[in-house]
Amino acid sequence: MSKNILELHDVSMIYGPVKALQNITLSVQQGEWLAIMGSSGSGKTTMMNIVGCMNKATHGVVVLDGEKISRLNAKDLTAIRRDKIGLIFQQFHLISYLTAVENVMIAQYYHSLADEKEALEALERVGLGHRARHLPRQLSGGEQQRLCIARALINHPKLILADEPTGNLDEANQETVMNIFHQLHAQGSTIIVVTHSPEVAAHARRVVHLEYGRMIRDEVNVECPAA
Amino acid sequence: MNRLTRFQLIRCNLSRKPARACILAGLVALFAFTLFCGTIIGQGVSAGTRLMAERLGADVLFVPYGYESEVQSSLLRGEPSSFFMDSAFAAELRAEAGAEKVTTQLFIATLKAACCTLPVQLIGIDPQTDFVVRPWLADALRRPLAENEVLAGSKIVGQVGDEIMLFGKKLTIAARLDPTGMGFDTSVFMDIGRARRLLLLSDLAPRLNLPEGLDRNTFVSSTLVKVDPATDVRSFANDISQRYAIPYNLDFVMVAGMLSDISARLQAFSAFFYAFSGLLWVLAVIVLALVFSASVQERKKEFGLLRLVGASRAALARVVMQEALLLGAAGALLGVAAAGVLMALFKTYIGVALELPSLSPGFASLALTGGGVFSLGLLAGPLASLPAVRKLGRIDAYLALREEA
Ligand SMILES: Nc1ncnc2c1ncn2[C@@H]1O[C@H](COP(=O)(O)OP(=O)(O)O)[C@@H](O)[C@H]1O
Ligand SMILES: [Mg+2]
């Protein structure tokens with residue numbers, strides 16, 4: 001039996017009157033590719049932020065890689081996020097005044113030690129080797145997202161979290177990003193992709209549906225061939 | 001770390017707003033400049049006053065009534081002046097109890113001398129009784145000054161043996177004095193009898209207003225007294241001036257009093273400078289704090305992002321503080337350097353403008369003051385960054401990004 005990389009037990013997130021997440025219980029195994037689907041406002045980002053150690057749930061228990069993170073303080077959460085999680089955003093969130101390779105290196109720097117050679121190799125893997133010295137604004141949307149992926153992967157995270165990774169991309173670029181995800185999955189990475197697009201969700205082996213903060217369905221994607 | 005360092009992050013941020021960085025550093029520089037100048041000038045004066053008594057060797061100067069300030073500016077700054085009294089007073093003074101040493105000097109203001117860029121003061125000294133000038137001789141002169149020989153102050157151009165022209169006479173430099181930090185540096189000394197004759201023969205004579213009844217063969221400008229250690233200087237001076245003021249129309253200047261005048265001025269001056277520097281420092285810290293704070297607000301997203309990629313709050317605080325430290329250091333260094341260069345260039349001019357006797361701080365005191373001022377300037381940066389750092393602590397990575405989205 002594979003080990004659970006992530007467990008949510010009865011997790012809720014309440015913002016005043018808004019119940020962004022309600023009583024979510026979910027386990028994710030190592031090596032799984034999971035899509036979280038739901039319409040806008042259904043609580044996908046909220047869930048991703050809790051799993052990604054960016055926010056703490058108001059109720060419930062979250063266990064990440066065997067560690068109970070739901071009660072940790074901000075400092076420890078930062079350390080866990082840095083060491084175990086690779087984050088990919090719809091808005092890319094790159095640092096505008098650093099070049100592509102520097103944007104990767106900054107993640108290395110805060111993690112352990114910046115290694116330019118390794119950073120360049122990471123860019124190479126997402127097909128950005130030739131753009132290493134460019135600033136984010138000199139890159140296309142697809143290139144920026146690939147840079148974001150390279151940054152997310154540089155510290156060998158246990159879990160890759162992507163929030164609407166193709167939300168700002170055209171079809172061709174969406175395809176490229178999905179190909180990278182397939183490679184990562186094939187190499188054994190655990191991937192959680194948040195999306196409202198059925199097309200993107202269709203790449204995942206397992207799809208969890210959210211609606212008004214509740215988990216309404218947890219299904220295995222039969223069309224998707226086993227990795 | 002390969003190419004990407006915290007320093008690079010800081011440099012990138014500073015160079016994104018070069019004008020702002022320059023203004024902030026400039027503020028610190030202004031503070032450092034003011035404090036450094038003020039401190040060095042203050043130190044110069046206090047060192048000058050402390051040394052003055054030892055330098056002059058005399059305790060009391062007797063001068064013609066009304067010339068107290070003239071003798072001070074002559075001795076302290078070498079401003080040429082001429083005034084006259086009878087030397088019979090010196091003879092009487094020697095007989096007084098408590099007078100250990102008595103000598104006379106004759107001040108003659110020359111107009112521009114061909115030898116020198118500064119106006120030169122000619123001082124006649126009495127080689128038999130002099131105890132004021134002799135200690136400053138650079139090399140001992142073991143013979144009396146010959147008729148055409150002079151002693152030259154340290155700022156008078158010319159070597160021993162060179163000739164200089166004064167009152168149309170060729171005079172030979174017999175010896176030179178060490179720097180004194182006083183008016184002696186721009187003075188030329190000769191035998192008092194010779195000086196008297198030279199003066200009377202020169203075309204200056206009709207314009208000098210020599211008092212009627214002054215013995216043309218013995219007049220002097222001032223009588224300098226060293227009081228014996230057992231005698232109180234002030235009561236000695238009071239006693240003498242009471243008994244001799246009328247017949248000789250004289251007044252006295254206590255060297256110690258002359259110095260306390262300077263000290264009072266020094267204290268007022270220092271107080272002003274320190275208050276002004278303090279104000280500048282506070283101002284710099286406040287402005288820096290406001291700007292840093294605003295900049296954290298501006299960079300909220302960037303900091304949130306750095307948090308996302310794993311930067312701890314402490315790491316971000318270090319970025320902000322080191323940025324502040326860098327600005328503070330640059331400013332402080334600039335200010336101290338500018339002040340140092342300026343003081344070195346305009347040392348003489350500043351001394352004259354502020355009526356200070358000497359302004360030549362040693363290397364050690366320069367370095368110490370420079371270091372102190374630099375540290376204060378340096379401190380302004382991190383101190384000013386504290387509110388920004390506090391604000392930074394409240395940045396929630398997730399919320400910061402959410403606002404942007
Ligand atoms: N920080 C917050 N404060 C208040 N309400 C929030 C906050 N974050 C999310 N919400 C609310 O929670 C709900 C779920 O939001 P979100 O997780 O961003 O949805 P999704 O990503 O699925 O579009 C929304 O109603 C949203 O307005
Ligand atoms: Mg969302």
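How many salt bridges does the rule count over all chains?

## Salt bridges and basis of the model

Over all chains the count comes to 18 salt bridges, a salt bridge being a side-chain nitrogen of Lys or Arg within 4 Å of a carboxyl oxygen of Asp or Glu. The model is predicted, so that local features need pLDDT of at least 70 and side-chain atom pairs count only at pLDDT 80 or more, whereas totals for chains, interfaces and linings use all residues. Residues are numbered from 1 along each chain as its sequence is written, chains are lettered from A and ligands numbered from 1 in the order in which they are written, and side-chain values use heavy atoms, with hydrogens and water left out.

A salt bridge joins Glu116(A) to Arg133(A), with the closest N and O atoms 2.8 Å apart. This pair links distant parts of the chain, since Glu116(A) lies in helix H4 of chain A and Arg133(A) in the loop between H4 and H5 of chain A, 17 residues apart. Helices here are DSSP runs (H or I, at least four residues), numbered from the N terminus.

## Helices H3 and H4 of chain A

Helix H3 (residues 100-111) of chain A and helix H4 (residues 116-125) of chain A have axes that come within 9 Å and cross at roughly 120 degrees; the axes are lines fitted to C-alpha atoms over the stretch in contact, and angles run from 0 to 180 degrees between N-to-C directions. That angle makes H3(A) oblique to H4(A), because angles under 35 degrees count as roughly parallel, over 145 as roughly antiparallel, 65 to 115 as roughly perpendicular and the rest as oblique.

Ala100(A), Val101(A), Val104(A), Met105(A) and Gln108(A) in H3(A) meet Glu116(A), Glu118(A), Ala119(A), Leu120(A) and Leu123(A) in H4(A), where contact means heavy atoms within 4.5 Å.

## Helices H5 and H6 of chain A

The axes of helix H5 (residues 141-153) and helix H6 (residues 171-186), both of chain A, come within 9 Å and cross at roughly 20 degrees. H5(A) is therefore roughly parallel to H6(A). Among the residues that meet are Ile149(A) and Leu153(A) in H5(A), and Ile180(A), Phe181(A) and Leu184(A) in H6(A).

## The interface of chains A and B

In the interface, 28 residues of chain B are in contact with 27 residues of chain A. The two chains bury about 2500 Å² between them, 63% of it on carbon and sulfur atoms, buried area being the accessible area (1.4 Å probe) that two parts lose on being put together, summed over both. Across this interface the rule finds zero salt bridges.

Definitions and conventions: Helices (H or I, at least four residues) and strands (E, at least two) are DSSP runs, numbered from the N terminus.
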